[in-house]
Amino acid sequence: MLQPARAARDTAIRAIVLVDGQIDHTTGLFMLRESTTPLSVWCTDNAYADLTRGNPIFTVLAHYCGIERHALVPDGETFVIPGIENIEWRALAVASKPAPYSPHREHPQPGDNVALVLRERSSGRSLVYAPGLGAMEQNVWAAMLQADCVLVDGTFWSDTEMIALGMSKKRARDIGHLPQSGAGGMLEWLQQLPARTRRILIHVNNTNPILDEESAERAALEAQRIELAHDGLEVQL
């Protein structure tokens with residue numbers, strides 16, 4: 001996959017931008033360890049610390065291809081990644097939870113988790129990518145209102161989903177995810193977006209009933225024109 005056939009071990013990936021240091025967002029780095037050049041990785045200082053100490057992926061990769069780390073500052077300022085200059089990026093600090101191995105787990109800090117705003121310079125069209133969102137804050141909401149497409153946290157349907165299934169004693173919000181249903185839930189926010197905005201739920205947990213195509217919860221999404229991400233999904237702005 002993503003093999004440009006320039007060498008026996010190669011990849012078309014030009015850069016890696018991390019939104020946090022969570023296992024499900026970083027384990028794939030191990031699959032790129034045989035790269036012939038250091039991996040170009042953009043991440044916040046907090047994520048970098050988590051991935052060199054709590055879960056030392058970067059330390060392990062140093063024994064293989066290594067990484068070329070670029071600081072990702074969650075201040076909303078525009079930056080460009082070399083080689084893909086037509087895309088402008090912004091990182092926004094979001095309310096969520098860092099990984100369990102982070103020293104900030106119970107006291108999140110700005111930079112533990114970010115949302116990404118991507119804008120194509122030639123067309124001016126943009127999208128917001130926010131897989132971990134524990135609460136809607138003004139900076140993220142303002143970006144979503146301006147975006148042509150939003151890909152947002154769809155982890156849990158209800159705040160007590162994991163508790164009801166006997167799989168956890170914590171609510172969705174306790175572990176940094178805004179549920180879709182209920183007062184102030186993700187669906188209420190998405191309903192307020194302009195009609196032109198494409199809305200896609202990502203980062204869906206296997207307990208979420210929206211995965212069942214015949215469920216009432218899935219029907220509720222479809223009635224509101226909210227999509228569910230799937231393998232192979234391509235988004236064209």
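**Exercise 1.** Determine whether tryptophan 42 and phenylalanine 79 are buried or exposed.

*Solution.* Buried means under 20% relative accessible area, exposed over 50% and partly exposed in between, with a 1.4 Å probe and protein chains only. Tryptophan 42 is buried, as is phenylalanine 79. For phenylalanine 79 the relative accessibility is 16%, so this residue counts as buried. The model is predicted: local features need pLDDT of at least 70 and side-chain atom pairs pLDDT 80 or more, whereas totals for chains, interfaces and linings use all residues. Residues are numbered from 1 along each chain as its sequence is written, and side-chain values use heavy atoms, without hydrogens and water.

**Exercise 2.** Classify the ring pairs that involve phenylalanine 79 and tryptophan 42 or tryptophan 89, and locate the residues.

*Solution.* Step 1: the criterion. Rings of Phe, Tyr and Trp (its six-membered ring) pair if their centres lie within 6.5 Å; planes under 30 degrees apart count as stacked, over 60 as edge-to-face and the rest as tilted. Four aromatic pairs are found in the whole structure.

Step 1: tryptophan 42 and phenylalanine 79. Their ring centres are 5.3 Å apart and the planes stand at 20°, so the pair is stacked. Tryptophan 42 belongs to strand β2 (residues 39-43) and phenylalanine 79 to the loop between β3 (67-71) and β4, so the contact ties together parts 37 residues apart in sequence. Strands here are DSSP runs of E, at least two residues, and helices runs of H or I, at least four, numbered from the N terminus.

Step 2: phenylalanine 79 and tryptophan 89. With centres 6.2 Å apart and planes at 25°, this pair is stacked. Tryptophan 89 lies in strand β4, ten residues from phenylalanine 79. At 11% relative accessibility, tryptophan 89 counts as buried.

Step 3: Ring pairs join Trp42, Phe79 and Trp89 into a cluster.

**Exercise 3.** Describe how β5 pairs with β4 and with β6.

*Solution.* Step 1: two strands pair if DSSP finds at least two bridges between them. Step 2: β4 (residues 87-93) and β5 (residues 114-120) are antiparallel over seven bridges, and alanine 93 has valine 114 as its bridge partner. Step 3: β5 and β6 (residues 126-130) are also antiparallel, over four bridges; arginine 119 stands opposite serine 126. Step 4: five residues separate the strands of the β5 and β6 hairpin, where glycine 124 takes a positive phi near 80°.
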